[in-house]
Amino acid sequence: MIVLCDTCVILMLLRIAPDMFNNEEFGCITVQAVWKEFTKTQKFKSKYPWRKNLKNQIKSKPNSEIKKDSFDLTYSAIKMTNNSSNNTRNNKKYGLSPVDCEIAAIAVHNEFSISTTDRNLREFIEQQYEMKNYEPLELINIWLGNKLIEWDDHKQAILDDWIICGEKYPSRKHTRIFQKITGYKFPK
(Lines give C-alpha, C1' and ligand atoms only; values in the text may rest on other atoms or scores of the structure.)
Protein backbone atom coordinates (compact mmCIF):
# COMPACT_ATOMS: atom_id res chain seq x y z
CA MET A 1 0.00 0.00 0.00
CA ILE A 2 1.01 3.58 -0.60
CA VAL A 3 0.07 6.30 1.90
CA LEU A 4 -0.80 9.50 0.06
CA CYS A 5 0.40 12.30 2.33
CA ASP A 6 -0.08 15.57 0.43
CA THR A 7 -3.50 17.09 0.09
CA CYS A 8 -2.52 18.86 -3.16
CA VAL A 9 -1.33 15.57 -4.63
CA ILE A 10 -4.55 13.85 -3.57
CA LEU A 11 -6.57 16.61 -5.23
CA MET A 12 -4.82 16.11 -8.55
CA LEU A 13 -4.82 12.32 -8.44
CA LEU A 14 -8.49 12.08 -7.44
CA ARG A 15 -9.46 14.10 -10.48
CA ILE A 16 -7.50 11.65 -12.63
CA ALA A 17 -8.50 8.45 -10.81
CA PRO A 18 -11.66 9.04 -8.74
CA ASP A 19 -11.70 5.40 -7.55
CA MET A 20 -8.14 5.33 -6.23
CA PHE A 21 -9.24 4.98 -2.58
CA ASN A 22 -12.15 2.63 -3.33
CA ASN A 23 -10.43 0.22 -5.72
CA GLU A 24 -7.67 -1.83 -4.10
CA GLU A 25 -5.90 -2.25 -7.45
CA PHE A 26 -4.66 1.35 -7.12
CA GLY A 27 -2.97 0.44 -3.81
CA CYS A 28 -3.63 3.87 -2.26
CA ILE A 29 -4.73 4.93 1.18
CA THR A 30 -4.61 8.10 3.18
CA VAL A 31 -4.81 8.72 6.91
CA GLN A 32 -7.19 10.71 9.06
CA ALA A 33 -4.71 13.53 9.68
CA VAL A 34 -4.47 14.18 5.93
CA TRP A 35 -8.25 13.91 5.53
CA LYS A 36 -8.74 16.50 8.30
CA GLU A 37 -6.27 18.85 6.63
CA PHE A 38 -8.10 18.45 3.32
CA THR A 39 -11.51 19.19 4.79
CA LYS A 40 -10.66 21.87 7.36
CA THR A 41 -7.81 24.01 5.96
CA GLN A 42 -8.85 27.38 4.57
CA LYS A 43 -6.04 27.31 1.98
CA PHE A 44 -7.70 24.40 0.19
CA LYS A 45 -11.15 25.97 0.39
CA SER A 46 -9.82 29.12 -1.32
CA LYS A 47 -7.28 27.67 -3.76
CA TYR A 48 -9.34 24.66 -4.84
CA PRO A 49 -13.05 25.54 -4.50
CA TRP A 50 -14.00 22.52 -6.64
CA ARG A 51 -12.51 20.19 -4.00
CA LYS A 52 -15.92 19.88 -2.30
CA ASN A 53 -16.99 17.66 -5.19
CA LEU A 54 -14.18 15.23 -4.32
CA LYS A 55 -14.62 15.22 -0.55
CA ASN A 56 -16.77 12.05 -0.50
CA GLN A 57 -14.17 10.14 -2.55
CA ILE A 58 -11.43 10.51 0.06
CA LYS A 59 -11.53 7.51 2.32
CA SER A 60 -9.01 7.49 5.13
CA LYS A 61 -8.00 4.26 6.81
CA PRO A 62 -9.43 3.99 10.33
CA ASN A 63 -6.86 4.47 13.07
CA SER A 64 -7.92 1.12 14.52
CA GLU A 65 -6.56 -0.59 11.39
CA ILE A 66 -3.26 1.26 11.05
CA LYS A 67 -2.35 2.15 14.63
CA LYS A 68 -2.59 -1.33 16.08
CA ASP A 69 -0.31 -3.48 18.21
CA SER A 70 2.85 -1.57 19.21
CA PHE A 71 2.18 1.56 17.12
CA ASP A 72 3.04 3.86 20.05
CA LEU A 73 6.56 2.41 20.16
CA THR A 74 7.01 3.03 16.44
CA TYR A 75 5.71 6.58 16.80
CA SER A 76 8.11 7.26 19.71
CA ALA A 77 11.02 5.87 17.68
CA ILE A 78 10.10 8.10 14.71
CA LYS A 79 9.96 11.20 16.94
CA MET A 80 13.29 10.33 18.53
CA THR A 81 14.92 9.71 15.14
CA ASN A 82 13.49 13.00 13.84
CA ASN A 83 14.98 14.89 16.80
CA SER A 84 18.34 13.13 16.90
CA SER A 85 19.33 12.32 13.30
CA ASN A 86 20.58 14.58 10.55
CA ASN A 87 19.53 14.62 6.93
CA THR A 88 22.48 13.33 4.89
CA ARG A 89 21.75 15.88 2.13
CA ASN A 90 22.27 18.99 4.27
CA ASN A 91 23.47 17.65 7.66
CA LYS A 92 20.55 19.40 9.44
CA LYS A 93 17.76 17.92 11.53
CA TYR A 94 14.78 16.76 9.48
CA GLY A 95 12.32 19.00 11.32
CA LEU A 96 9.21 16.93 10.69
CA SER A 97 5.92 18.25 12.03
CA PRO A 98 3.89 16.10 14.45
CA VAL A 99 1.59 15.12 11.55
CA ASP A 100 4.59 14.15 9.39
CA CYS A 101 5.94 12.04 12.28
CA GLU A 102 2.55 10.34 12.53
CA ILE A 103 2.49 9.64 8.79
CA ALA A 104 6.04 8.29 8.90
CA ALA A 105 5.15 6.08 11.87
CA ILE A 106 2.07 4.70 10.09
CA ALA A 107 4.15 3.93 6.99
CA VAL A 108 6.98 2.29 8.95
CA HIS A 109 4.69 0.40 11.33
CA ASN A 110 2.57 -1.04 8.51
CA GLU A 111 5.42 -1.38 5.97
CA PHE A 112 3.67 0.97 3.55
CA SER A 113 5.35 3.18 0.97
CA ILE A 114 4.47 6.86 0.79
CA SER A 115 3.74 9.46 -1.84
CA THR A 116 4.74 12.95 -0.88
CA THR A 117 6.32 15.98 -2.48
CA ASP A 118 7.46 17.21 0.94
CA ARG A 119 11.24 16.99 0.74
CA ASN A 120 11.88 16.56 4.48
CA LEU A 121 9.37 13.72 4.90
CA ARG A 122 10.54 12.02 1.70
CA GLU A 123 14.21 12.18 2.69
CA PHE A 124 13.46 11.05 6.26
CA ILE A 125 11.62 7.94 5.05
CA GLU A 126 14.19 7.15 2.36
CA GLN A 127 17.31 7.77 4.46
CA GLN A 128 16.27 6.47 7.85
CA TYR A 129 14.05 3.56 6.84
CA GLU A 130 15.02 2.85 3.21
CA MET A 131 11.37 3.02 2.19
CA LYS A 132 10.03 4.00 -1.21
CA ASN A 133 8.49 7.37 -2.00
CA TYR A 134 6.37 7.57 -5.15
CA GLU A 135 6.11 10.80 -7.09
CA PRO A 136 2.53 11.60 -8.14
CA LEU A 137 3.42 11.26 -11.83
CA GLU A 138 5.11 7.94 -11.08
CA LEU A 139 1.79 6.68 -9.69
CA ILE A 140 0.00 7.86 -12.82
CA ASN A 141 2.56 6.01 -14.95
CA ILE A 142 2.00 2.83 -12.92
CA TRP A 143 -1.78 3.14 -13.27
CA LEU A 144 -1.45 3.71 -17.01
CA GLY A 145 0.86 0.69 -17.31
CA ASN A 146 -1.61 -1.45 -15.35
CA LYS A 147 -4.48 -0.13 -17.51
CA LEU A 148 -6.33 1.23 -14.47
CA ILE A 149 -6.78 4.57 -16.26
CA GLU A 150 -6.75 5.77 -19.85
CA TRP A 151 -5.23 9.10 -20.80
CA ASP A 152 -7.25 11.72 -22.66
CA ASP A 153 -7.48 15.49 -23.18
CA HIS A 154 -9.50 15.94 -19.97
CA LYS A 155 -6.81 14.30 -17.84
CA GLN A 156 -4.14 16.28 -19.67
CA ALA A 157 -5.98 19.49 -18.70
CA ILE A 158 -5.76 18.38 -15.04
CA LEU A 159 -1.97 18.17 -15.38
CA ASP A 160 -1.96 21.64 -16.98
CA ASP A 161 -3.92 22.92 -13.97
CA TRP A 162 -1.44 21.20 -11.63
CA ILE A 163 1.44 23.18 -13.15
CA ILE A 164 -0.56 26.44 -13.33
CA CYS A 165 -1.31 26.12 -9.58
CA GLY A 166 2.44 26.08 -8.93
CA GLU A 167 2.67 22.55 -7.59
CA LYS A 168 5.93 20.60 -7.64
CA TYR A 169 7.25 19.62 -11.04
CA PRO A 170 8.00 15.88 -11.42
CA SER A 171 11.40 14.42 -12.22
CA ARG A 172 12.55 14.19 -15.83
CA LYS A 173 12.60 10.42 -15.57
CA HIS A 174 8.87 10.21 -14.87
CA THR A 175 7.94 12.91 -17.40
CA ARG A 176 9.78 10.95 -20.12
CA ILE A 177 7.99 7.73 -19.13
CA PHE A 178 4.66 9.57 -19.09
CA GLN A 179 5.25 11.02 -22.56
CA LYS A 180 6.26 7.62 -23.93
CA ILE A 181 3.17 5.87 -22.49
CA THR A 182 0.59 8.52 -23.39
CA GLY A 183 1.99 10.30 -26.43
CA TYR A 184 1.19 13.60 -24.66
CA LYS A 185 3.80 16.19 -23.75
CA PHE A 186 4.08 17.02 -20.06
CA PRO A 187 3.03 20.66 -19.48
CA LYS A 188 5.66 23.29 -18.73
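Buried means under 20% relative accessible area, exposed means over 50%, and partly exposed lies in between (1.4 Å probe, protein chains only). The legends below describe a predicted model, in which local features need pLDDT of at least 70, side-chain atom pairs count only at pLDDT 80 or more, and totals for chains, interfaces and linings use all residues. Residues are numbered from 1 along each chain as its sequence is written, and side-chain values use heavy atoms, with hydrogens and water left out.

Figure 1. Helices (H or I, at least four residues) and strands (E, at least two) are DSSP runs, numbered from the N terminus. Helix H1 spans residues 7-16, and nine of its 10 residues are buried, so the helix is largely enclosed by the rest of the structure. The buried residues of H1 are Thr 7, Cys 8, Val 9, Ile 10, Leu 11, Met 12, Leu 13, Leu 14 and Ile 16.

Figure 2. A disulfide is a covalent bond between the sulfur atoms of two cysteines. Here the term is applied to a pair of cysteine sulfur atoms within 2.5 Å. How many disulfides does a search of the whole structure find? The search finds zero. Cys 5 is in no disulfide, and the nearest cysteine sulfur to its own, that of Cys 28, is 11 Å away. Seen from Cys 28, the closest cysteine sulfur is that of Cys 5, and the 11 Å between them is too far for a bond. Cys 5 is buried, with a relative accessible area of 6%, and Cys 28 is also buried, at 4%.

**Figure 3. A patch of positive charge on the surface.** Lys 36, Lys 40, Lys 52 and Lys 55 gather in this patch. Patches are made of residues with over 30% relative accessible area and no salt bridge; like charges are joined within 9 Å, and nonpolar side chains (Val, Leu, Ile, Met, Phe, Trp, Tyr) within 5 Å. Lys and Arg count as positive and Asp and Glu as negative, while His and the chain ends are not counted. The place of a charge is taken as NZ of Lys, CZ of Arg, CG of Asp or CD of Glu. Accessible areas come from the Shrake-Rupley method with a 1.4 Å probe; for residues, only the protein chains shown count as cover.

Figure 4. A salt bridge is a side-chain nitrogen of Lys or Arg within 4 Å of a carboxyl oxygen of Asp or Glu. A search of the whole structure finds seven salt bridges. One of them joins Glu 65 to Lys 61, with the closest N and O atoms 3.4 Å apart. Glu 65 is partly exposed at 39% relative accessibility, and Lys 61 is partly exposed at 26%. Another joins Glu 102 to Lys 67, with the closest N and O atoms 2.7 Å apart. Glu 102 lies in helix H6 (residues 98-110) and Lys 67 in the loop between helix H4 (63-66) and helix H5 (71-84), so this pair ties together parts that are 35 residues apart in sequence. Glu 102 is buried, with a relative accessible area of 18%, whereas Lys 67 is partly exposed at 28%.

**Figure 5. A salt-bridge network that includes Arg 122 and Glu 123****.** The side chains of Arg 122 and Glu 123 meet in a salt bridge, at 3.7 Å from N to O. Salt bridges that share partners join Arg 89, Arg 119, Arg 122 and Glu 123 into one network. Is Glu 123 buried or exposed? Glu 123 is buried, with a relative accessible area of 7%, while Arg 122 is partly exposed at 24%.

**Figure 6. Positive phi at Asp 69 and Lys 147****.** Asp 69 has a phi near 55°, a positive value in a residue other than glycine. Asp 69 lies in the loop between H4 and H5 and counts as exposed, at 75% relative accessibility. Lys 147, although not a glycine, has a positive phi of about 60°. Lys 147 is located in the loop between helix H8 (136-145) and helix H9 (153-164), and at 72% relative accessibility Lys 147 is exposed.

Figure 7. Ile 142 is found in helix H8 and is partly exposed, at 34% relative accessibility. The C-alpha atoms of Ile 142 and Ile 177 are separated by 9.9 Å, and these residues are 35 residues apart along the chain. Lys 180 belongs to helix H10 (residues 172-182) and is exposed, at 76% relative accessibility. From C-alpha to C-alpha, Lys 180 and Leu 159 are 16 Å apart in space, and in sequence they are 21 residues apart.
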